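I'd like to walk you through a protein model, so let me put it up on the screen.

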Amino acid sequence: PHFQHAVCTMSDPASPPPRVLEDGKNMENLTKVRNMLEKELGSEAVKRIRSPNIVLDILLVTVYPLLAWVSTYVMWISPVSTLAYWVAAVCGGWLALACPLVMHDVVGHRSAFGKWGSWIVGLWVTSGSPMVINGMNTLWVARHRIHHRHTFEQKDPELYRNKLADRVDRVLGLFGPYRLFWRRKIYAKYNAGLDVEKEFPGTLGREYAFKIKVERWLMRGTNWTWLALLCMHTHPALRTIMGALGFLGVFETLRYILEHGEQDIHNPFWQATFYDMGIVTELISLWGGGKYHAVHHIWADVPVYRMPEAGRLIKPILIRQGVKLRTDFWALAWAYLVDGKQHADKWFEDQPKSGKIAAS
């Protein structure tokens, strides 16, 4: 099919994206991509990879937050000098990312338990981490839906704003508390100006507005609770917060690289860093990075447990459509952290190898 690649050049150098698609082009292009893939794969295959399994959904929303609470408890009771503390801190940092990813899949895109049941479940899923930004699930869901609708467009709130500015910032971002501060700084202004009732007219906008009000009070309660714990139980509270947050930055950096690190605005099939992940990166990202994130942007309702099949099906097609498959994670990490490649841009022409980075 013929795809629209109209690109606007931004006149203000302070504007987030240096080049963007014209408004509406992302969904126009994506519709053609979906139609082409469904024609080649067959409607039954597409239906299969998009079909939910309620038992697996229940397991996801039960196991991950429980593991997060266990890791939080172990950090609370274990001295920093013990192996148990550091194992729990690493697991806590991973789960501080994984739990929101579960919420993103089961609640944000699929509402697997109905719109109100999923909201309650989502609050439970993101409760097990000591992060003091919990309780703002709905604001994130609203912003993320805009990201999917307007990817590569001026209105995209995430793709161009969620890059760290330079190499130093990116390296510092490996440390979770710095990254947390950076995220709050980047998104605070956008969040404050987001009118969900205007962006999502009708019942959905009113529903989002109500949930956000409730979650703001929950967030205040969470923050005051942690402040009280820091005053009354300073050492266990501090090591619990710093333990999980300390490692969160590493896992978040990996996610940024494998989700939207390398893309090509001129190729609508290139929706994410097209990396063939192994079991470690699959587990860390909850099957949400690399080729699986490409699937996610094509069909946002594909459950995480269907991603292996979906990735296997679309991989050869995307390669034929000019999407470059990356096989060396360390080359990608070097390009992002050391070479300072532009976030969400095409990084290489040839297949890069660690220590031998090809410039695009």
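This is a predicted model: local features need pLDDT of at least 70, side-chain atom pairs count only at pLDDT 80 or more; totals for chains, interfaces and linings use all residues.

The protein has 15 helices and two strands. There are 360 residues, and buried ones make up 51% of them.

Okay, a pair of helices. Find α10, residues 203-232, and α11, residues 234-260. Their axes come within 5 Å and cross at roughly 130 degrees. Angles over 145 degrees would count as roughly antiparallel and 65 to 115 as roughly perpendicular, so α10 and α11 are called oblique to each other. Where do they meet? On the α10 side you have W226, L229, L230, C231 and M232, and on the α11 side T234, A237, L238, T240 and I241.

Next, salt bridges. How many does a search of the whole structure find? The search gives 18. I picked out a few.

One is E207 with K115, where the closest N and O atoms are 3.7 Å apart. This pair links distant parts of the chain, since E207 sits in helix α10 and K115 in helix α5, 92 residues apart. Is E207 buried or exposed? Its relative accessible area is 9%, so E207 is buried. K115, at 40%, counts as partly exposed.

Another one is E199 with K155, at 3.0 Å from N to O. Here E199 is in helix α9, K155 is in the loop between α6 and α7, and the two are 44 residues apart. E199 is buried at 17% relative accessible area, while K155 is partly exposed at 38%.

Then there's K315 with D276, at 2.6 Å from N to O. K315 lies in helix α14 and D276 in the loop between α11 and α12, so this bridge ties together parts that are 39 residues apart in sequence. Both ends are partly exposed: K315 has 22% relative accessible area, and D276 has 23%. Salt bridges can also share partners, and that's how K25, E28 and K32 end up joined into one network.

Now let's look at backbone angles. Most residues other than glycine have a negative phi. So which residues here have a positive one without being glycine? F152 is one of them, with a phi of about 75 degrees. You'll find F152 in the loop between α6 and α7, and at 4% relative accessibility it counts as buried. A344 is another, with a phi near 60 degrees. A344 is in the segment after α15, and at 6% relative accessibility it is buried too.

Last stop, the surface. I54, V55, L56, I58, L59, V63 and L67 form a nonpolar patch there, with about 560 Å² of accessible area together. Take I58 as an example: it lies in helix α3, residues 54-77, and it is partly exposed, with a relative accessible area of 43%. Patch residues need over 30% relative accessible area, so I58 at 43% clears that cut-off.

That's my tour, and I'm happy to take questions.

Terms used
Residues are numbered from 1 along each chain as its sequence is written. Side-chain values use heavy atoms; hydrogens and water are left out. Patches are made of residues with over 30% relative accessible area and no salt bridge: like charges are joined within 9 Å, nonpolar side chains (Val, Leu, Ile, Met, Phe, Trp, Tyr) within 5 Å. Accessible areas come from the Shrake-Rupley method with a 1.4 Å probe; for residues, only the protein chains shown count as cover. A salt bridge is a side-chain nitrogen of Lys or Arg within 4 Å of a carboxyl oxygen of Asp or Glu. Helices (H or I, at least four residues) and strands (E, at least two) are DSSP runs, numbered from the N terminus. Buried means under 20% relative accessible area, exposed over 50%, partly exposed in between (1.4 Å probe, protein chains only). Axes are lines fitted to C-alpha atoms, for helices over the stretch in contact, and angles run from 0 to 180 degrees between N-to-C directions. Angles under 35 degrees count as roughly parallel, over 145 as roughly antiparallel, 65 to 115 as roughly perpendicular and the rest as oblique. Contact means heavy atoms within 4.5 Å.
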